[in-house]
Amino acid sequence: MFVQQLEPVGGSLGLSALVAALPLVTVLVLLGAVRMKAHRAGLIGLVVAALVAWLVYDMPLGQTVSSAAQGALFGLFPILWIVVNALWVYRMTVRTRHFDILRRSFGRLSDDPRIQALVVAFCFGALLEALAGFGAPVAICSVMLVALGFDPVKAAVVALVANTAPVAFGAMGTPVVTLAQVTGLPLDSVASVVGRQTPLLALVVPLVLVGLVDGRRGLRETWVPALACGVAFAVAQFAASNYVSAQLADIGAALVGAGALVAVPHARRPAAEPVRAAVLTGVRSEDLDEEDPRSEVVRAYAPYALIVVIFSVAQIPAVKDWLAKANRVFDWPFLNVANPDGKPVSGNVFTLPLVSTGGTLVLIAGVLTAVVIGVPARVAVREWFGTVHELRFAILTVTSVLALAYVMNLSGQAATIGHFVAAAGAGLAFLSPVLGWFGVAVSGSDTSANALFGALQVTAAQQSGLPPELLAAANSSGGVLGKMISPQNLTIACAAVGLAGKEGDLLRKVLPWSLGLLLVMCLIVYAQSTVVLSWMLP
């Protein structure tokens, strides 16, 4: 048995924490300063973590390699299993042009560009984040806004800022699933607290978007539908994450938010021509005027309806228990780790959810989608493998980062840093979202930031007497605000709207919003750690 040490370097917690932080520092420097590709930085960081575990923490080499293998497997299944199948569904709708039908359907909901920005960037962007994540919402929504006649820069900024509130539950709940796994906290507990933080952002973001689109006039004339959309989104995200399923939180929020938006009479009024002339300064796509048969519009919406239905059925207690019977639980080979108190850690046992995992449910929805929208079996299979090829670098990045996280967690490196950080005391609650924000700003992924810093946040919380679920959730909730300034997302946005090389211009426009909303989240988390808002926690 390997017993974790907290102070392996000269019996000093400070020096040990500095050495333990080397893998994280390596990844962040390679990504932020050297501008190295994320998958390469992740692999180098993994090597550094393994060397620190083996040479400094005295973790046997076999157990070090085994812990990395467990992290990589978790990255592949269930995390990337969800992402691949979700993006596969989207690719099939693009191939059959049902995605274009959906885009035209959105364009006909309102001719007011401020309302269109809410429908496309906020509501549909949240739906795309729920299904795919990993930059897809920013790329797709930017292109859709440009097709509606938005200036490319404005379209990119709106898409980036909108991609905040849904990120923590994106890709069928992948970030919170990862957070629960690396921290050892129950998924329901973590999702519940995140669902009491990020919905507060949803109240603000729609108002910010109409302000970005049309300044003070936009706020003055469309604050009612914007607020209605934000409130509906927030309520649905809270309810789904706390009482239904973390995987359905963004899907439900996006649909309910869009429904509330179009239900407001003001949102359906024709826009004044001066407003359209001031906002729509780009080239409008000609295919927006095409008429689509109602049956085809129904088929365009069918994939999302199928996912909602399948995930809802899977949450029925009897069905949930039946699906769970296929889970496989076994002792992880060549791994026998105890914490500093001598108690075995949860990583010694591995659970493989074969059927109940979100990825398998999305796969079922994808098969039904292929039938409904008319994708031949051979083409559907080709699209699935095409999705894997498209995500090949993301797959390498996620597996290497999770392998790094598992090595740090199981060797004791994360515990050392957590004990050291706990010295911040009460201020830790205020600073915890900043760590997640920084992680996502550098890596471009809330999933990666949760894998890197989740266990650290929990250890620090336990040492400082704060609720572990609060700081774990804060890592993810703060992280969503770093997404808009991550080099990965800025590059995706620029490439999508033909602004290659203008990433710096976009950064200057979105950075104030990122920092301002981060401050709001820091205040929320700090208040939740005190009597002021502690009543919000479950």
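**View 1. Glu383 and its partner Arg95.** Glu383 is buried, at a relative accessible area of 8% (buried is under 20%, exposed over 50%, partly exposed in between, with a 1.4 Å probe and protein chains only). Its side chain meets that of Arg95 in a salt bridge, 3.0 Å from N to O (a Lys or Arg side-chain nitrogen within 4 Å of an Asp or Glu carboxyl oxygen). Arg95 sits in helix H4 and Glu383 in helix H17, so the pair ties together parts 288 residues apart in sequence (helices are DSSP runs of H or I, at least four residues, and strands are E runs of at least two, numbered from the N terminus). This is a predicted model, where local features need pLDDT of at least 70 and side-chain atom pairs 80 or more, while totals for chains, interfaces and linings use all residues. Residues are numbered from 1 along each chain as its sequence is written, and side-chain values use heavy atoms, leaving out hydrogens and water.

**View 2. Glu390 meets Arg91.** Here's another salt bridge, at 2.6 Å from N to O. Glu390 is in H17 (residues 377-390) and Arg91 in H4 (residues 61-95), so this pair links parts 299 residues apart in sequence. Glu390 is partly exposed at 46% relative accessibility, and Arg91 is partly exposed at 21%.

**View 3. Helix H7, mostly tucked away.** In H7, 9 of the 12 residues are buried, so the rest of the structure largely encloses this helix. Among the buried ones are Cys141, Met144 and Leu145. Just past H7, Gly149 takes a positive phi of about 110°.
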